[in-house]
Amino acid sequence: MVYNFKQRVKEGKTEVFDPIRKKWLLQTPEERVRQLFILYLLNVKQIPESHISVEKAITVNGLTKRYDLVVFNLERKPEIVIECKAPEVAITQAVVEQAGRYNKTLHARILGVTNGTTHYFFTINFDTEEITPIAF
């Protein structure tokens with residue numbers, strides 16, 4: 001499925017419009033993946049814009065980090081954490097562990113990683129520490 005997002009060229013640089021943050025951003029490879037996944041969440045998963053948070057700071061092990069995407073449930077608790085990488089970045093164990101470190105702070109039920117072509121999603125049972133791969 002192909003998603004179209006708003007693009008423009010400003011001062012010789014391509015920018016993409018983020019519908020969640022309501023602003024134009026430099027279209028880096030990672031930003032393109034992030035924006036395409038936002039459109040997937042909005043159009044396919046039918047998640048309201050108000051439930052999606054993009055690139056916010058969190059504290060992980062005493063360090064300030066920024067997550068890529070978090071989807072909140074109706075109670076405004078994190079439901080899904082998604083780490084986005086540029087297409088040329090392989091989805092390795094280290095990438096999954098990075099997302100997992102963010103999720104130790106956020107406690108989302110679903111964890112995902114994507115580079116735009118490869119996607120892995122898991123459910124997490126915090127009581128049993130069981131991690132189960134899922135289709136998303």
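In this predicted model, Glu30 and Arg34 are joined by a salt bridge whose closest N and O atoms lie 3.2 Å apart, a salt bridge being a side-chain nitrogen of Lys or Arg within 4 Å of a carboxyl oxygen of Asp or Glu. The two residues are 4 positions apart in helix α1 (residues 29-43), and are therefore separated by about one helical turn; helices (H or I, at least four residues) and strands (E, at least two) are DSSP runs, numbered from the N terminus. Arg34 is buried, with a relative accessible area of 3%, whereas Glu30, at 26%, is partly exposed; buried denotes under 20% relative accessible area, exposed over 50%, and partly exposed the range in between, for a 1.4 Å probe and protein chains only. Residues are numbered from 1 along each chain as its sequence is written. Because the model is predicted, local features need pLDDT of at least 70 and side-chain atom pairs count only at pLDDT 80 or more, while totals for chains, interfaces and linings use all residues, and side-chain values use heavy atoms, with hydrogens and water left out.

Arg34 also meets the side chain of Glu55 in a salt bridge (3.4 Å, N to O). Since Glu55 lies in the loop between β4 (52-54) and β5 and Arg34 in helix α1, this pair ties together parts that are 21 residues apart in sequence. Glu55 counts as partly exposed, with 22% relative accessibility. A further salt bridge links Glu83 with Lys85, with 3.3 Å between the closest N and O atoms; Glu83 is buried at 4% relative accessibility, and Lys85 is likewise buried at 15%. Through salt bridges that share partners, Asp18, Arg21, Glu30, Glu31, Arg34, Glu55 and Asp68 are joined into one network, and the structure holds 11 salt bridges.

Helix α2 (residues 93-106) has 14 residues and should span 20 Å at 1.5 Å a residue, which agrees with the 20 Å between its end C-alpha atoms; the expected span is 1.5 Å times one less than the number of residues. Within α2, Val95, Val96, Gln98, Ala99, Tyr102, Asn103 and Leu106 are buried. Seen down the axis of α2, these buried residues fall within an arc of 155 degrees and so line one face of the helix, the arc being that of the directions from the helix axis to the C-beta atoms. They pack against β5 (57-60), β6 (63-66), β7 (69-72), β8 (78-84), β9 (110-114) and β10 (119-125), contact meaning heavy atoms within 4.5 Å. On the other side of α2, Gln93 and Lys104 are exposed, and just after the helix His107 adopts a positive phi of about 60 degrees.
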